[in-house]
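Subject: Structure handover, aromatic contacts

Hello,

Here is the structure for your files.

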Amino acid sequence: MDDKLLKKYLKYASTDEAFAVLFVKKHLVQAKGHWVDIVDCRRYEMSPDNLHFRFVVGGLYKRKIQPKYPPKSVYTINGKFDEQRYYLTIRAITWETAHKDISQQKSKKMAAKKFKITGVSYDKNRGNKNYFREDAPPEIKALADNLYDRTNPLWDKALQYANKPEFIYKIKKVNIN
C-alpha cells in the first residue's frame with residue numbers, strides 16, 4: 001500500500017467533507033451506487049456528533065470506475081490478519097477511486113444529480129420552566145422555591161437532577177434533482 005495515499009486519506013478522514021459524505025450516505029437513499037461530491041457544508045459546531053449538519057450541498061455521480069482492492073492475504077502475517085490496516089487501506093483506495101472517477105466525469109461535463117439536505121438541532125428542554133427534572137425527589141424539587149439559597153446540604157445531590165440542555169437533531173428538508 002502506498003503510504004502517501006494512506007497519509008492523504010487519514011488527513012481527509014477527519015475533515016467536515018469526509019463527515020458530510022457519511023452524512024449523505026446515511027440520509028439519502030439515492031446515494032447508493034453513486035460517488036458523493038460535496039460542494040458546500042456547514043456543521044453544527046457545538047454538537048458532539050460529527051454527523052450533525054446545518055446543510056450539505058453536492059452532487060451524486062454514477063460509479064463508472066470500480067476500485068481494485070488487494071487480497072486479504074497481503075495483510076496476513078504469520079497467520080494473523082491485520083484487519084484495521086486492511087480496512088483503512090480499502091477506504092483509502094475507495095476514496096482515491098471516487099476522486100478520480102468524479103474528476104473524469106466532471107472533465108467530460110457529465111451532469112450530477114444535485115442535492116441539498118438541511119437539518120436542525122434544537123434544545124428539547126428549551127422553554128422548560130422547571131429547574132429540576134420530573135424524576136427528582138420532592139425534597140429536591142422543593143429547593144427550586146429559592147434557587148439563591150444554596151445553604152441546604154441537599155444541593156450537593158440536587159444538581160444532578162437539574163434540567164440540562166438536551167439537543168435533538170432532525171433532517172428538516174431533502175432536495176434532489
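Predicted model: local features only at pLDDT ≥ 70, side-chain atom pairs only at ≥ 80, totals over all residues.

Ring pairs

A pair of aromatic rings is described by the distance of the centres and the angle of the planes. The structure holds twelve aromatic pairs. In one of them, Tyr9 and Tyr12, the ring centres are 6.3 Å apart and the planes meet at 45°, so this pair is tilted. Both residues belong to helix H1 (residues 3-13), and because they are three residues apart there, about one helical turn separates Tyr9 from Tyr12. Tyr9 has a relative accessibility of 11% and therefore counts as buried. Tyr12, at 15%, counts as buried too.

Another pair, Tyr44 with Tyr169, is edge-to-face, with 6.2 Å from centre to centre and 80° between the planes. This pair links distant parts of the chain, as its two residues are 125 residues apart. Tyr44 sits in the loop between strand E1 (34-43) and strand E2 (53-62), while Tyr169 is in strand E6 (residues 167-176). Tyr44 and Tyr169 are both buried. They also belong to a cluster, linked by ring pairs, that includes Phe23 and Phe53.

Charges over rings

For Phe55 it is Lys116, at 5.8 Å from the ring centre. For Trp155 it is Arg150, at 4.0 Å from the ring centre.

Regards

How values were computed
Residues numbered from 1 in each chain as written. Heavy atoms only, no water. Phe/Tyr/Trp six-rings, centres within 6.5 Å; stacked < 30°, edge-to-face > 60°. Helix = DSSP H or I, 4+ residues; strand = E, 2+ residues; numbered from the N terminus. Buried < 20%, exposed > 50% of the residue type's maximum accessible area, 1.4 Å probe, protein only. Lys NZ or Arg CZ within 6 Å of the ring centre and 35° of its normal.
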